[in-house]
Amino acid sequence: DAHAGNLVTDGTHGWLWIDLEETSRGPAEWDLAVLARHSGDHAADALRGYAGEAGIAVPDADALAPFDRARLLEGAVWTLCMAQLYPARYAEPARTLLAAVLSG
């Protein structure tokens, strides 16, 4: 879940990831698609920063598209499950995400 909501700064080491339940050996594009989606106007800068640190080419939108779609589906399923437990908080976001998945 490479988005700003999962970052904290400890004042010494800079920014640290705090949400690692999806840590895996899968393709980096899985997280880069989330990073790009949630970075808004700063998406290009975030991807360039990652690419520079990793020593790779900056991934383009076409390379990230299938991962972005898969993450959207994952988010919809997770939110639908959470809506069963906490309908007041998750019912509307679940409907919105499901509609986005079904429209694409």
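Trainee: What percentage of the residues in the chain is buried?

Mentor: Buried means under 20% relative accessible area, exposed over 50%, and partly exposed in between, with a 1.4 Å probe and protein chains only. In this chain, buried residues make up 22% of the 104 residues. Please note that this is a predicted model, in which local features need pLDDT of at least 70 and side-chain atom pairs count only at pLDDT 80 or more, while totals for chains, interfaces and linings use all residues. Residues are numbered from 1 along each chain as its sequence is written, and side-chain values use heavy atoms, with hydrogens and water left out.

Trainee: How many helices and strands are there in the chain?

Mentor: Helices (H or I, at least four residues) and strands (E, at least two) are DSSP runs, numbered from the N terminus. The chain has four helices and two strands, and along the sequence they follow the pattern β-β-α-α-α-α. Its C-alpha atoms fill a box of roughly 40 × 35 × 30 Å along the principal axes.

Trainee: How far apart are the end C-alpha atoms of helix 3, and what span should its residues give?

Mentor: The expected span of a helix is 1.5 Å times one less than its number of residues. Helix 3 covers residues 61-85, and its 25 residues should therefore span 36 Å; the end C-alpha atoms are 35 Å apart, which agrees.

Trainee: Where does helix 3 bend?

Mentor: The bend at a residue is the angle between axes fitted to the seven residues ending there and the seven starting there. Helix 3 bends by about 25° at phenylalanine 67.

Trainee: Which residue caps the N-terminal end of helix 3?

Mentor: A polar contact is a pair of N or O atoms within 3.5 Å; within protein, one must be able to donate a hydrogen and the other to accept it, and residues adjacent in sequence count only if both atoms are side-chain atoms. Aspartate 60 is the cap: one of its side-chain oxygens lies 3.3 Å from the backbone nitrogen of aspartate 62.

Trainee: Which residues of helix 3 are buried, and what covers them?

Mentor: The buried residues are Leu64, Arg71, Leu72, Ala76, Thr79, Met82 and Ala83. Their cover includes helix 1 (29-38), helix 2 (43-54) and helix 4 (87-103). Threonine 79 has a relative accessible area of 6% and is therefore buried. Leaving aside neighbours within four places in sequence, threonine 79 is in contact (heavy atoms within 4.5 Å) with Tyr90, Pro93, Ala94 and Leu97.

Trainee: At what angle do helix 1 and helix 3 pack?

Mentor: Two packed helices are described by the angle between their axes and the distance between the axes. Axes are lines fitted to C-alpha atoms, for helices over the stretch in contact, and angles run from 0 to 180 degrees between N-to-C directions. Helix 1 and helix 3 pack at about 80°, with axes 8 Å apart. Helix 1 is therefore roughly perpendicular to helix 3; angles under 35 degrees count as roughly parallel, over 145 as roughly antiparallel, 65 to 115 as roughly perpendicular and the rest as oblique. Among the residues making the contact are Trp30 and Leu32 of helix 1 and Phe67 and Arg71 of helix 3.

Trainee: Is serine 39 buried or exposed?

Mentor: Serine 39, in the loop between helix 1 and helix 2, is buried because its relative accessible area is 18%. Its side chain reaches the backbone oxygen of leucine 35 at 2.5 Å.
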